[in-house]
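Biologist: I am new to this structure and would like to learn how to read it. Could you take me through it feature by feature?

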Amino acid sequence: MIGCNNHPTELTLVQLDQGFLGDDALEVLSVMRNLANEGMTMVVVTHEMDFAYEVATRVIFMDEGTIIEEGTPQEIFESPKDLRTREFLKNYLRKRNTNI
């Protein structure tokens, strides 16, 4: 759970990994979504692609610590230029569709 005042100048977030799933993760993503909608600038490292597509204004795709591609969510998710980005998104979509 995240607690913050009405006008935070700094925000610390928890890593959403496999040990942090379910309702807690959904609650954190909801709070982050609301903060983004209120105009808070955040740097978020995530594998939650749906969240990144919905909330981000800028996406940076990295592989092994190297920036591979960057752009708007639409550019990265709908027309990725780099093969590694395309492969990652293809695998992500395949796993997501299997879980539906």
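Modeller: Gladly, and let us start with exposure: buried means under 20% relative accessible area, exposed over 50%, and partly exposed in between, with a 1.4 Å probe and protein chains only. At 33% relative accessibility, glutamate 87 therefore counts as partly exposed. This is a predicted model, in which local features need pLDDT of at least 70 and side-chain atom pairs count only at pLDDT 80 or more, while totals for chains, interfaces and linings use all residues. Residues are numbered from 1 along each chain as its sequence is written, and side-chain values use heavy atoms, leaving out hydrogens and water.

Biologist: Which residue forms a salt bridge with glutamate 87?

Modeller: A salt bridge is a side-chain nitrogen of Lys or Arg within 4 Å of a carboxyl oxygen of Asp or Glu. Here the partner is lysine 90, with the closest N and O atoms 3.5 Å apart. Both residues lie in helix 4, 3 residues apart, about one turn of the helix. Helices (H or I, at least four residues) and strands (E, at least two) are DSSP runs, numbered from the N terminus.

Biologist: How many salt bridges are there by this rule?

Modeller: The count comes to 4. One of them joins the side chains of arginine 33 and glutamate 54, at 2.7 Å from N to O. That pair links distant parts of the chain, since arginine 33 is in helix 1 (residues 23-37) and glutamate 54 in helix 2, 21 residues apart. Aspartate 82 and arginine 84 also meet in a salt bridge, at 3.7 Å from N to O.

Biologist: Now the strands, please. How many bridges join strand 1 to strand 2?

Modeller: Two strands pair if DSSP finds at least two bridges between them. In this model 5 bridges join strand 1 to strand 2 (residues 66-71), and the two run antiparallel. Within this pairing, phenylalanine 61 has glutamate 69 of strand 2 as its bridge partner. The two strands form a hairpin with 2 residues between them.

Biologist: What is the phi of glutamate 64 in the turn?

Modeller: Glutamate 64 has a positive phi of about 55 degrees, in a residue other than glycine. Glutamate 64 is also exposed, with a relative accessible area of 79%.

Biologist: Let us turn to aromatic rings. How many aromatic pairs are there?

Modeller: Rings of Phe, Tyr and Trp (its six-membered ring) pair if their centres lie within 6.5 Å; planes under 30 degrees apart count as stacked, over 60 as edge-to-face and the rest as tilted. By this rule there are 2 aromatic pairs. Tyrosine 53 and phenylalanine 77 form an edge-to-face pair, 5.4 Å centre to centre with 75 degrees between the planes. Tyrosine 53 lies in helix 2 (residues 49-55) and phenylalanine 77 in helix 3 (residues 73-78), so the pair ties together parts 24 residues apart in sequence. The rings of phenylalanine 61 and phenylalanine 88 have centres 5.4 Å apart and planes at 50 degrees, so that pair is tilted. Phenylalanine 61 is in strand 1 and phenylalanine 88 in helix 4 (residues 83-98), so this pair ties together parts 27 residues apart in sequence.

Biologist: Last one: which residues does threonine 85 touch?

Modeller: Contact means heavy atoms within 4.5 Å. Not counting residues up to four places away in sequence, threonine 85 touches Phe61, Ile68, Glu69, Ile76 and Pro80. Threonine 85 is in helix 4 and is buried, with a relative accessible area of 1%.
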